[in-house]
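Colleague: Please take a close look at a single part of this model and describe what surrounds it. After that, carry on to other places that deserve a description.

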Amino acid sequence: MNPDQQPVPSEASPASEAPSAAGASDALGTSAARTRSAELEKLITEDPARFRILTGDRPTGRLHLGHYFGTLHNRVRLQNLGVELFVIIADYQVLTDRDVADDLKGHVEELVLDYLAIGVDPERSTIFTHSAVPALNQLMLPFLSLVSVAELNRNPTVKDEIVHSRQSAVSGLMFTYPVHQAADILFCKANLVPVGQDQLPHLEVTRTVARRFNDRYGNGTPVFPRPEALLSEVPLLLGTDGTKMSKSRGNSISLAATADETARLLKGAKTDSERRITYDPATRPEVSSLLLLAALCQNRTPEEVASDIGSAGAAALKKTVTEAVNEYLAPIRARRAEYARDRAELRRILRTGNERANAVADATLAEVRAAMNSDY
């Protein structure tokens, strides 16, 4: 799931003011989503205040460079353009694929630190925790009544997550995760959601829930917008072992890593035996991933970085990447260290965000109850 701002829509802005999804089909394919995303980027530039974004992360450990270049920097970009940003720390969703949530409080604080360090501004954006917003979770029950078991069974993203689950048996929370995510998105009436291609099926569930609720209870006036996908090309950064970068695999470079830790991790990164350094993701994925990482940090192309290294070999490649990463992360690390000195301020920021999110969720739940004739 994943922005910045200027004048923002009021908390009570009606769903009818959300951008129309005209021209976009319900079953958004990847090609259609890319086309629509390009149109949305233009609309964001023209009028950012008409958009509200919901994005976030599960608190399972520190965020790393894959997260940063995949989604985090885009959130800050959107925030700074003037889009209203809600960032959810999805603590309940930690339990979708594990039996217990280890060190949850510590992981939540680490996420807040990472958000502040990269430039999420708590004065302009709302950072909040899932469990602190009861009204959000109360939306789950009516939303579940709008989706069939067969539809949940067909969700390809859920199928994949079940296959890779850490649990011996799949919990109901895992199975209903797309509807839980719909509640996350719709409680604040977000009309735009930055997603990767694999998250499109989840967003379709949210759009289906919004449409069915409006049809069943709206009485001609939509209660919820039908949020659209802002699909971006997420750069494929491999972990230091040449596999998918992941917190759980210990193959990532966290935003909180020191310069020395970064150098040590990159020194052990997997490459290949060819001395000449070239950018060829198909046949040289590990070398190409390192080149891409350096290029992202230096705002250059991977081919340019490769050309500079030439035949100097893997050692020169790793030295180039290490210097690029450490230079890029230096100001982020400095801000993170500064915020980390005042843990009480972190908790204050989170309390303020939770209060804002609760006010929005309470208003939405009241509207839902009125629409369902259950406001007694």
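Modeller: Leaving aside neighbours within four places in sequence, S311 is in contact (heavy atoms within 4.5 Å) with R275 and R276. The model is a predicted one, in which local features need pLDDT of at least 70 and side-chain atom pairs count only at pLDDT 80 or more, while totals for chains, interfaces and linings use all residues. Residues are numbered from 1 along each chain as its sequence is written, and side-chain values use heavy atoms, with hydrogens and water left out.

S311 sits in the loop between α13 (302-309) and α14 (313-340); helices are DSSP runs of H or I with at least four residues, strands are runs of E with at least two, and both are numbered from the N terminus. The C-alpha atom of S311 is 6.0 Å from that of I277, although 34 residues separate them along the chain. With a relative accessibility of 41%, S311 counts as partly exposed, the class between buried (under 20% relative accessible area) and exposed (over 50%), using a 1.4 Å probe and protein chains only.

N299 is exposed, with a relative accessible area of 74%. The phi of N299 is positive, near 55 degrees, in a residue other than glycine. Most residues other than glycine have a negative phi. N219, in the loop between α10 (200-217) and β5 (228-231), also has a positive phi, near 50 degrees. At 72% relative accessibility, N219 counts as exposed.

The helices α12 and α13 pack at an angle of about 110 degrees, with their axes 8 Å apart. That makes α12 roughly perpendicular to α13, since 65 to 115 degrees counts as roughly perpendicular, under 35 as roughly parallel, over 145 as roughly antiparallel and the rest as oblique. From α12, residues L291, L292, A294, A295 and Q298 meet P302, V305, A306 and I309 of α13. The residues of this contact divide into 8 nonpolar, 1 polar and no charged.

Helix α12 (residues 285-298) also holds S289. S289 is buried, with a relative accessible area of 7%, and touches L236, L237 and L238 when residues up to four places away in sequence are not counted.

On the α3 side the contact is made by V108, E109, E110, V112, L113 and L116, and on the α15 side by R343, L346, R347, I349 and L350. The contact residues of α3 and α15 comprise 7 nonpolar, no polar and 4 charged.

Helix α2 (residues 65-81) bends by about 40 degrees at T71, a bend being the angle between axes fitted to the seven residues ending at a residue and the seven starting there. At 1.5 Å a residue, its 17 residues should span 24 Å, and the end C-alpha atoms are 23 Å apart, which agrees. The buried residues of α2 include L65, Y68, F69, L72, V76 and L78, with N74, R75 and Q79 also among them. After α2 comes G82, whose phi is positive, near 120 degrees.

Key: Nonpolar A, V, L, I, M, F, W, Y, C, P; charged D, E, K, R; others polar. Expected span 1.5 Å × (residues − 1). Axes fitted to C-alpha atoms, helices over the stretch in contact; angles between N-to-C directions.
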